[in-house]
Amino acid sequence: MTSQDIIESEKKFIVSMRLNNNDRTAIRAMASRLFVRESELYRFAVNNLLNSLHKLHDMDCIGSDLLPLFIEFRVDLIQNLGLKKQQLFNIINSGNIHPDKFVAMADIELLLLPQHLLRQRLLQIGEALAVKQDDISTWLESYFILKYGLNKIGEEEIE
């Protein structure tokens, strides 16, 4: 790494974002309670987001590798980003995906369904019935573990 690369990586950028009044008030209150500047709290939030969604930054992580991430953040990503099924299909199955990692559109649609519809749809899938759970998110995770051979959420692959 050259000194120019180090200088480039150390640069900071100003970004602008729109927040509603309630969010801004909450951030101010949290920053005050933590005795830090608001900007430090924003950097903390961005850093947490980057760490939580790190698989999206890894271009080798495709197909079924991304399912645990989308199961874990399913509601938040859909509500806050408004992802549609074709977008999610393209995100998950982008690039030259190996057939073993390909995720069917029907399974991607499961990620976008609200809880009550997700339960109804899982009740119609034979493989899903075999791993039925009371908690709908756990049930969805169990179905994907069975179908795609995933690790349990929170367990990283040991290489």
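Reply: In this predicted model, the secondary structure of the chain consists of 10 helices and 0 strands. Read from the N terminus, the order of elements is α-α-α-α-α-α-α-α-α-α. The chain is more spread out than a compact globule, because its radius of gyration is 19 Å, well over the 15 Å that the globule rule gives for 159 residues. Along the principal axes, the C-alpha atoms fill a box of roughly 55 × 45 × 30 Å.

Of the 159 residues, 30% count as buried. Among contacts with a separation of 6 or more, 40% are accounted for by residues 24 or more positions apart. The accessible surface of the chain amounts to about 11600 Å², and carbon and sulfur atoms contribute 54% of that area. As for charge, there are 18 positive and 22 negative side chains, with the centres of the two sets 10 Å apart.

Within this setting, the part to examine is helix α6, which spans residues 85-92. Its buried residues are Leu88, Phe89 and Ile92, where buried denotes under 20% relative accessible area. These residues lie on the same side of α6, because they cover an arc of only 105 degrees around the axis.

Note on methods: Residues numbered from 1 in each chain as written. Predicted model: local features only at pLDDT ≥ 70, side-chain atom pairs only at ≥ 80, totals over all residues. Heavy atoms only, no water. Helix = DSSP H or I, 4+ residues; strand = E, 2+ residues; numbered from the N terminus. Rg over C-alpha atoms; globule rule 2.2 N^0.38 Å. Buried < 20%, exposed > 50% of the residue type's maximum accessible area, 1.4 Å probe, protein only. Contact = heavy atoms within 4.5 Å. Areas by Shrake-Rupley, 256 points an atom, 1.4 Å probe, with all protein chains shown as cover. Lys, Arg positive; Asp, Glu negative; His and termini not counted. Charge placed at Lys NZ, Arg CZ, Asp CG, Glu CD. Arc of directions from axis to C-beta.
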